[in-house]
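Hi everyone, thanks for coming.

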Amino acid sequence: MFMTTDVTDLAAVRAEHVRHIATTLRDVRGPLIPILHAVQEDLGHVDQADVPVIADVLNLSVAEVHGVVTFYRDFRRAPGGRTTVRVCQAEACQAVGAEALGEHAKRRTGVGFGATTSDGAVTLDEVFCLGNCALGPAVQVGDRLHGRVTPARLDALLGEAR
Amino acid sequence: MNAVTVRVFVPRDAAARSVGADEVAERIAAAAATAGRTVEVVRTGSRGMLWLEPLVEVETPAGRVGYGPVAPEEVDGLVAAGLLDATPEGLGLVEDLPWMRRQQRLTFARVGVVDPLSADDFEAHGGYAGLRAALAMEPAAVVEEVVSSGLRGRGGAGFPTGIKWRTVLGATADIKFVCCNADEGDSGTFADRMLIEGDPFTLIEGMTIAAHAVGATEGYVYLRSEYPEAVETLSAAIEIARARGWLGERILGSELTFDLHVRVGAGAYICGEETSMLESLEGKRGMVRAKPPIPALEGLFGRPTVVNNVLSLATVPTILAGGAAAYAAYGMGRSLGTNVFQLGGNIARGGIVETAFGITLGELVEDLGGGAASGRPVRAVQVGGPLGAYVPTTQFDLPMDYESFAAAGAMVGHGGIVVFDDTVDMSSMARFAFSFCAEESCGKCTPCRVGAVRGVETIDRIRAGEDRSKNLVLLDDLCELMTDGSLCAMGGLTPLPVRSALRHFGEDFGVPATTTTGSTDGGTA
């Protein structure tokens, strides 16, 4: 005897989770963005299937929720890697070699900005300013900020993430 | 064996942590334990001398003695050499360092000094003196105090804060809001982050004063998601403030009711524009609103709303505590008080300089900043973020003053200064200004949405030498259209870095520079 989990069951579990988040936060002012953050935090990304559930709880149209999800860079439409590595590409970091560091990161991971390595370990991305402008180039690994990142240091950080 | 507890201070600021402050703090505790010494490691904000981070300070009867930058592996040696008794060669008293002595710290008075989440520390260092003074005054008198201090919006636009408050106070509504714009997306600016991480109660105090002054009961801090440490610190501070009766009903025993909430942004630069931020707070796409109506009358959810930058609000307590006249005694012309300048990019000594308006750009970059970190000559500095002008070294005598910068075709903005050495290609920076605008435009108005894309294409043609003179005319025309026709500063100011790069560094575009002298030429050349 063995157990199977139906895909529809998984979808239903996810929908229930999303509905619970949306219902919990529904009464705060301007609840949509806090809800989307919470969904992504819990479930890794904001799936297209989550959109009608949130719209239903907030009494918004699906188009309105879809419009918000797609406007903001933070909200991922598909699962990301286990760790997100973001390389600052803004002016202050450019002044100390951020572009070359970004190219190095792409070569090392074999993916471009916004993409995930084939083993699912790392999502590489660019970011415009991490507020570490006097200690650039800056890189963020998960929530953790790193300053004065050399290519060698970036390799070490990528190594820890894999 | 020395049984006296030694207090050691190590920053918990994200920038300090980014170069190893956590490891240093752990090593100090471990080394002290090994040596049989009792230490209290206090995690503070950063003093803003970021090139010295991690900066360790040891309390002595004469003051705090500094050591930095301290690498984690150096800690054991320093402790063995007597760090806990402040005997080895260090930097000396931190307050006496030339970088600190050149400053007048009002807004940043407590940053780097106190434990950011200690309410007792905050009060012991003058916290809530401003709010207590404000609560003893009628709301209108508080507004007039802020008006006469000369405080102007520190977010970049420089609009008089008190005038904005007067409008909100005069409006009638069922509810009014105070919104703090902490969407500090400009490259080269990090003062909002450091204030929030280093002294969050000051922001809470400033917002509470604003609430009393205009009759608001609810406040929001819109904080960018790129700053997770700041989100954590501010959220914790708000919880502590609620527990102390500093937020909620009958604040400090008065009739004032005010509560505060953190809202985290979602990676859209445009949400630093105030109306776009309000849309985002309402749960919508961050699309810019047409003005009028102004947010002071129809802001968040259509209600009268104070929208101020972090530093504007965090400066209000010092104004109320010390009086408007004392604050206005600093500065020059119509730029009164102090400003928190931020030195970043390719700079030897980067960090925070809070000083009266009027210090020159050259003093900041050369004297305090020590020039480029690379050791090469400085070629250009961008002042005021991605929408600010590129300024050549020939204009280093410009005083940091809103009007002087405007007259020179530049802007002070949020006070961020990004330094580039002589390896920079300014046509590439001009191209970046357009491509950033294309990426971050909300898309509501055509000059910004389409203009930015056409700008990238035109600069590419100029750089490739394709019909250069014709394309330069086209570029100028495009810049004029974006300046005049855009709905907000995103499209309206993107031409500023582009035109200034072209004007001062024309050789990078294959044309001779039209201005190579240090004179303050016209802004719309």
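**A sheet and an interface**

So, let's begin in chain B, where five strands make an open sheet with mixed pairing, ordered E2-E1-E3-E4-E5. Pairing on one side only, strand E2 (39–44) and strand E5 (92–93) of chain B are the edge strands. Helix H2 of chain B, residues 21–34, packs on this sheet and touches E1, E2 and E3 of chain B. The direction of H2 makes about 170° with that of E2(B). Please keep in mind that this is a predicted model.

Now a closer look at one pairing. Strand E1 (residues 6–11) and strand E3 (residues 56–60) of chain B run antiparallel, joined by two bridges. Which residue is the bridge partner of B:Phe9 in E3(B)? That is B:Glu57.

On to the second topic, the contact between the chains. Chain B brings 62 residues to the contact and chain A brings 39 residues. About 3,700 Å² is buried between chain B and chain A, with carbon and sulfur atoms giving 55% of that area.

What about polar pairs? Between chain B and chain A there are 22 residue pairs in polar contact, both residues being at pLDDT 80 or more. The salt bridge count between these two chains is three. One of the salt bridges links A:Arg73 to B:Glu439, whose closest N and O atoms are 3.2 Å apart.

On the side of chain B that touches chain A, helix H17 (residues 426–440) of chain B supplies the largest share, five residues. That side of chain B divides into 30 nonpolar, 17 polar and 15 charged residues.

Methods
Residues numbered from 1 in each chain as written. Chains lettered and ligands numbered in written order. Predicted model: local features only at pLDDT ≥ 70, side-chain atom pairs only at ≥ 80, totals over all residues. Heavy atoms only, no water. Pairing = 2+ DSSP bridges. Helix = DSSP H or I, 4+ residues; strand = E, 2+ residues; numbered from the N terminus. Contact = heavy atoms within 4.5 Å. Axes fitted to C-alpha atoms, helices over the stretch in contact; angles between N-to-C directions. Buried area = accessible area lost by both parts, 1.4 Å probe. Salt bridge = Lys/Arg side-chain N within 4 Å of Asp/Glu carboxyl O. Polar contact = N/O pair within 3.5 Å; in protein donor to acceptor, adjacent residues only side chain to side chain. Nonpolar A, V, L, I, M, F, W, Y, C, P; charged D, E, K, R; others polar.
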